[in-house]
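Visitor: Please show me the structure, and then take my questions in turn.

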Number of protein chains: 4
Amino acid sequence: MGIVLGANQYGKAETRVVRIVRDTPRHTIRDLNVSTALRGDFAAAHVDGDQAAVLPTDTQKNTAFAYAKRHGVSSPEDYALALSERLLEAAPAATGARVAVDEYAWERIQVDGTGHDHAFVRRGQEVRTATVGRTREAVAVESGFRDLVVLKSTGSEFKGFLRDEYTTLAEADDRILATSLDATWRHRADPEDWDASYAAVRALVMATFATTYSRALQETLYAMGRAVLEAHDDLAEISFSAPNKHHFLVDLAPFGLDNPGEVFVAADRPYGLIEATVTREEP
Amino acid sequence: MGIVLGANQYGKAETRVVRIVRDTPRHTIRDLNVSTALRGDFAAAHVDGDQAAVLPTDTQKNTAFAYAKRHGVSSPEDYALALSERLLEAAPAATGARVAVDEYAWERIQVDGTGHDHAFVRRGQEVRTATVGRTREAVAVESGFRDLVVLKSTGSEFKGFLRDEYTTLAEADDRILATSLDATWRHRADPEDWDASYAAVRALVMATFATTYSRALQETLYAMGRAVLEAHDDLAEISFSAPNKHHFLVDLAPFGLDNPGEVFVAADRPYGLIEATVTREEP
Amino acid sequence: MGIVLGANQYGKAETRVVRIVRDTPRHTIRDLNVSTALRGDFAAAHVDGDQAAVLPTDTQKNTAFAYAKRHGVSSPEDYALALSERLLEAAPAATGARVAVDEYAWERIQVDGTGHDHAFVRRGQEVRTATVGRTREAVAVESGFRDLVVLKSTGSEFKGFLRDEYTTLAEADDRILATSLDATWRHRADPEDWDASYAAVRALVMATFATTYSRALQETLYAMGRAVLEAHDDLAEISFSAPNKHHFLVDLAPFGLDNPGEVFVAADRPYGLIEATVTREEP
Amino acid sequence: MGIVLGANQYGKAETRVVRIVRDTPRHTIRDLNVSTALRGDFAAAHVDGDQAAVLPTDTQKNTAFAYAKRHGVSSPEDYALALSERLLEAAPAATGARVAVDEYAWERIQVDGTGHDHAFVRRGQEVRTATVGRTREAVAVESGFRDLVVLKSTGSEFKGFLRDEYTTLAEADDRILATSLDATWRHRADPEDWDASYAAVRALVMATFATTYSRALQETLYAMGRAVLEAHDDLAEISFSAPNKHHFLVDLAPFGLDNPGEVFVAADRPYGLIEATVTREEP
């Protein structure tokens, strides 16, 4: 039974592309972290050390910069679509290209109540993500975010769970629910405006988190996913990964103090990790 | 020449205290990372292993939690003032206590255009800081922030610098200026409202960054410090630490593209590091 | 077209279990970071908020600690096998359990040329990993490591690659090759001694890295994988993920100095990222 | 009362210099992270935006690379001494220069029981540090390390401490003592061999940690410092910063298991933080 090359891919990760649009005095900025990868018939590079089919990762980096100028960055999705197309064109041995973009958001610095023309402060909430997977036949776009940290100080319980001989957890009628949310969603059709689509999904996820009573983080994820798919016909599916960032009520009784949901310790590790996809039924 | 104990201190670092105020349905949250330290005559613990004078770091942690309830957290400064007083009271051998608080900001999740009562999203810009140093005779408060990431896409040059045989840097007429700003300021008198004072200083630092033409990051720091001291008589001094987060213009000429300040690579390391204090003249 | 729950799993991540064996004065230590997850029919928890089938993540954590005592940790693989079996037993709704263990290595502190009985220093090279995936029908074990940082100061070239209009990279006859290697391998049969098997694979990967002339990182990965499968009949497959940690030769010519492969700048980002699996031919 | 510039300094941080010595086929490697800073009369740059006295941080970076070739890196201390001297020479306005070097250690990959000529694996224990502070009149060298993670599984207690109304900690007869040790020491005279001096101090610190019964981390720090100063006449002083990385015994009684010092949870935060200097008596 011989030994052979299996799945493989290669590319350039974390190219930090910053694009300023300065056609008018009111500048705009798109701040991206771009990772590209190619897969296909690259066996010669692995087995024989022959690089003739290999588009260097350095060239992939150059292309990422050049396309920020040539094509521009109207949205991370649109940019990734163009870049992935170019990479397949440039590397005939490739059967697939994957372009993953993280976008860091900036907002204008406020001066006398107005956003400044060319001075910005990094908005530190979530990182926006866009991933394009492209083959010679098809293309798929995933939009999303990661590290959106949200918390509810009430409206969350955890009760009625399975118990075994290792169970010591008390039931909770009213607890803090906190998570650092990652989400990705797949499009059935490209939206007209990627930025508007992103903003709408993000806002709906947060509003649903806020307004839904939670009997478990699982229920909250499902509710958020359901709300998004109901409101956005053009989305096929949404997936969440959510660490349950435990906030434990501190026992202040030894100090003669009661603690009716007021003082918590925020724990680092371990954390619950809940992952769920909400999708549409097969027809 | 004998061997002796020199400077020493001990305490509990990074106690993650979360305080919810839920007296009404509209909750508020203060999310703190608290570090305490004591110094004084603790030689017996070091030299003889005798802990009789040592208030355990575990007790310091307990006190941090208890004071979040007993005293409350109207501001990180006010809380640190109370906690430091208690620690000196509890540890007779201590001559000084230091309480350093990081505060993570949250904002209300927007639902139908209104901030929700008990659901929050972490605002990810800067971390607010407050440090109280207290001895038996005196107390000093430093307010500040760290990791406020700001960027100007124009209005910055760097020219006319000293050159030697290792200098290769070209002069820059128009560059990106970006930094992740840390600042601390000392109070001559306690403000009536610590939160309002903080917000005013922070806003003024950012507005000055935005509106001041920069001939070097040094000049920008000085301008920000000057503006703050001019506007806030109750402040004695302000210090900045500012990494110059280099954004290098990418050479697109090999690809037949010009690049008039549009496409940059954001570099990680090395970075310039500029530190400056702006203070009041001795009388 | 209805909206339904898709793939989902939940568990406790990063439980930091430290197990000391102190049956004799010569202690041993196993220092683990344990993550467990269950998948199966947990739709009620998501859709109806009903937790009756949910074994809490807190219980999973308790079980991880209890099994470190009850079953012991003769190796991360053996421990993960036992823990995964227990979790499936405890959660009837689960169809699968996944236990992933990171192990941090310690070595004895040397005192007068001998390893001390109960004092240890963390050995900081790679993190050892073991992952057990178990269903009601089958079990699969993956061993591996991550973050093994290796470097060759010669014996590496990169030439003859595909060029397009965005290619500016010069060919390299003699460069530094450096990577932070992750590897995982699947077993066809359980080895008698998991620790010995791990040590042998790790040593062979490093020796092959050292002694193989590299015409690309791809070729090096393939050579390492081939060597491992040739030497270890009980392994089915090995996969690598290897960032190409670029070390660029610094141009010292402006300073009147030549630089024949002596002074390099170690770059952070971007980096090449090469991933490859070496496997056995289907029979 | 006017507003003036106070203390200030500037420089280039984290220049990643890798120096290969390849005069023979048996290469050696020094892997450095170099930070330089200048202070002095740089008021014009801050107040007037006049850079005529400012040696750019880019030039400081270039000099760091050039000196790795021109002067070489026989040790981080020796390199920092030379680099600091050059920086003062190049910047007439500077009154002081500070060069701080982190060194990452590599060891040879073992092939058939022998260390390879040009293939290395990163040794991941501590980071070695060297800091040179130089003025026009004097120079001071500090050697040290950080992140040396050590643990004792017995031989440590914590008892007889001060108690107040917030104290809940139980006395411990036999606990795990673990820390991630930082240390710096000042030289009264330059050693002949900086590398040998470093290795001797490091080994003695570890051996003392191993063999000293600990009644508190404070006592352990003092014992280590005392041992080093007693053995090394050429050292003036040594300082430690040591987080007490708590390992809490897990309560297994609810599961019918005893736990005589066998199963622990390694906690992240909060942690004790103990800092102490051991010095020589003033004559």
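The questions and answers below go from the whole of one chain to single elements and residues.

Guide: This is a predicted model, in which local features need pLDDT of at least 70, side-chain atom pairs count only at pLDDT 80 or more, and totals for chains, interfaces and linings use all residues. Residues are numbered from 1 along each chain as its sequence is written, chains are lettered from A and ligands numbered from 1 in the order in which they are written, and side-chain values use heavy atoms, with hydrogens and water left out.

Visitor: How many helices and strands are there in chain A?

Guide: Both are DSSP runs numbered from the N terminus, helices being H or I of at least four residues and strands E of at least two. On that basis chain A has 5 helices and 12 strands.

Visitor: In which sense do β6(A) and strand β7 of chain A pair?

Guide: Two strands pair if DSSP finds at least two bridges between them. A hairpin joins β6(A) to β7(A) through 3 residues, and A:Thr131 has A:Glu142 in β7(A) as its bridge partner. Over 8 bridges, the sense of the pairing is antiparallel.

Visitor: How are helices α2 and α3 of chain A oriented to each other?

Guide: Axes are lines fitted to C-alpha atoms, for helices over the stretch in contact, and angles run from 0 to 180 degrees between N-to-C directions. Helix α2 (residues 57-70) and helix α3 (residues 76-90) of chain A pack at about 135 degrees, with axes 10 Å apart. Angles under 35 degrees count as roughly parallel, over 145 as roughly antiparallel, 65 to 115 as roughly perpendicular and the rest as oblique. The two helices α2(A) and α3(A) are therefore oblique.

Visitor: Is C:Gln9 buried, exposed or partly exposed?

Guide: C:Gln9 lies in strand β1 (residues 3-21) of chain C. Contact means heavy atoms within 4.5 Å, and, leaving out residues up to four places away in sequence, C:Gln9 touches residues including A:Leu273, A:Ile274 and C:Leu38. With a relative accessible area of 23%, C:Gln9 is partly exposed.

Notes: Buried < 20%, exposed > 50% of the residue type's maximum accessible area, 1.4 Å probe, protein only.
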